[in-house]
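The following exercises ask the reader to examine a protein chain step by step. Each task is followed by a worked solution.

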Amino acid sequence: MDFEALSDWDFEEIQQTLTQRDTILYALGLGFGEDPTDKKELAFVYEDGLKAVPSMAVTLGYPGFWLRNPKTGVNWQKVLHGEQWLDIYKPLPVNANIIGRSKIDFISDKGEGKGAVIYQSREIIDADSGEKLARVAMSAFCRGDGGFGGENKAGPAPAVLPDRAPDHVCDIETLPRQALIYRLSGDYNPLHADPDVARSVGFDRPILHGLATYGLAARAILKTSLDYDAARLVGLDVRFSAPVYPGETVRFEIWEEGGEARFRASVPDRDVVVLNNGAARFA
C-alpha cells in the first residue's frame, strides 16, 4: 500500500446523466415490482409518477473500482467492502445531470498482518442547480495490507441493535438472476456474473453485490416503516457481514427507535447474518 499516494489520491470528477431508465433499472435490480399490481412498489418502476429509491445515491457519480489501479499499491484481490453510510439532503431526482466528487477521508493502519481500512466519501451534486443531493461514504477493508506505519484510527461507531424482539420482520426473495440485473446499474465486477471468477476467489458461484443487499435494506425499510414514502428516508448505514447468493431469501429484522430504525439482515437457510448494525434515519 502506498500511503502517501492514497492519502493524496486525485479523483476525477464524475459527470453522469441520470435518466428515468436508469432509475427504473436500479429499482428492478432490487426486485421492486415483484407484484405488478402493487401500486406502491410500481411507483419505483413505472414512469407515470416515477420515484427514485433513496439508496440509488450509492450508484451515482461512482468512480469505479479505483483500488485496482497499480499506483495504489493495494492488493485489490483481498479488498472487502466493510461499511456503507448515506446521508440524503433532498429527494433524489429520477432524471438529472449528476456530478460525483470523491475523496479519501482517512486511512487506518491495523498493523502488520492485520490489514488496513480506507475511508472514502463522495458528494452527489445536481449539476444544473449546484445543489448537494447526498453524501455517500464507505470503508474498504484491505486484508492484504497494513503495517506501513500509519495511525490506527477508529471509524464511526456502529449502530447498536436493541435487545428485544424486532418490531417488523420482512422477508425478501431474490432471483437467481438478481446480480445480472443489478450490475446494469454500473458495477460490472465479474465476481457477480462469471462462475469461473467466483470460484477463483473461493465462492462456488457468483455472489450478489453488497450494495444490492444494501438496496434490499432500503426496500424493506420503505415497506415496513415508511409505507413507501421515499422522501422520508434520509439516511442509511450498514456493516457488511457476509455475501448473499442470488436466489436466496433475505430476512430483515427491524426495530423502530424514535425517529429512525435499527436493523440487521440474515439468510435463514444458511443461518448467517449478511448485514449488521443497520441504521435508517427518517425525516
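**Exercise 1. A residue in its element**

In which strand is the place of asparagine 277?

Solution. The place of asparagine 277 is in strand S10. Helices (H or I, at least four residues) and strands (E, at least two) are DSSP runs, numbered from the N terminus. The phi angle of asparagine 277 is near 55 degrees, a positive value in a residue other than glycine.

This is a predicted model, in which local features need pLDDT of at least 70 and side-chain atom pairs count only at pLDDT 80 or more, whereas totals for chains, interfaces and linings use all residues. Residues are numbered from 1 along each chain as its sequence is written, and side-chain values use heavy atoms, with hydrogens and water left out.

**Exercise 2. The chain as a whole**

Describe the elements, extent and surface of the chain.

Solution. Step one: the chain contains six helices and ten strands.

Step two: the C-alpha atoms fill a box of roughly 55 × 45 × 40 Å along the principal axes. The radius of gyration (taken over C-alpha atoms; the globule rule is 2.2 Å times the number of residues to the power 0.38) comes next. A compact globule of 283 residues would have a radius of gyration near 19 Å, and the chain, with 18 Å, agrees.

Step three: of the 283 residues, 48% are buried. Buried means under 20% relative accessible area, exposed means over 50%, and partly exposed lies in between (1.4 Å probe, protein chains only). The chain exposes about 13400 Å², of which carbon and sulfur atoms supply 48%; accessible areas come from the Shrake-Rupley method with a 1.4 Å probe, and for residues only the protein chains shown count as cover.

Step four: among contacts (heavy atoms within 4.5 Å) with a separation of 6 or more, 73% join residues 24 or more positions apart.

**Exercise 3. Aromatic rings**

How many aromatic pairs does the structure hold? Describe the pairs that involve phenylalanine 44.

Solution. Step one: the structure holds nine aromatic pairs. Rings of Phe, Tyr and Trp (its six-membered ring) pair if their centres lie within 6.5 Å; planes under 30 degrees apart count as stacked, over 60 as edge-to-face and the rest as tilted.

Step two: the ring centres of phenylalanine 32 and phenylalanine 44 are 5.0 Å apart and the planes stand at 45 degrees, so this pair is tilted. The pair links distant parts of the chain, twelve residues apart: phenylalanine 32 is in the loop between helix H2 (20-29) and helix H3 (39-42), and phenylalanine 44 in the loop between H3 and strand S2 (79-88). Phenylalanine 32 counts as buried because its relative accessibility is 2%, and phenylalanine 44 counts as buried because its value is 0%.

Step three: phenylalanine 44 and tyrosine 228 have ring centres 6.3 Å apart and planes at 50 degrees, so this pair is tilted. The two residues are 184 residues apart, with tyrosine 228 in the loop between helix H6 (210-225) and strand S7 (233-240). Both phenylalanine 44 and tyrosine 228 are buried.

Step four: Trp9, Phe11 and Trp66 form one aromatic cluster.

**Exercise 4. Helix H2 and its cover**

Which residues of H2 are buried, and what covers them?

Solution. Step one: the buried residues of H2 are Thr23, Ile24, Leu25, Tyr26, Ala27 and Gly29.

Step two: their cover includes strand S1 (14-18), helix H4 (178-182) and H6.

Step three: after H2 comes glycine 31, with a positive phi near 90 degrees.

**Exercise 5. Buried or exposed?**

Classify alanine 279, aspartate 271 and aspartate 171 as buried, partly exposed or exposed.

Solution. Step one: alanine 279 is found in strand S10 (residues 272-282). Its relative accessible area is 7%, so alanine 279 is buried. Leaving aside residues up to four places away in sequence, alanine 279 touches Ala159, Gly235, Leu236, Asp237, Ala261, Arg262 and Phe263.

Step two: aspartate 271 lies in the loop between strand S9 (260-267) and S10. With a relative accessible area of 74%, aspartate 271 is exposed.

Step three: aspartate 171 lies in strand S6 (residues 168-173). Its relative accessible area is 37%, so aspartate 171 is partly exposed. Not counting residues up to four places away in sequence, aspartate 171 touches Thr249, Val250 and Arg251.
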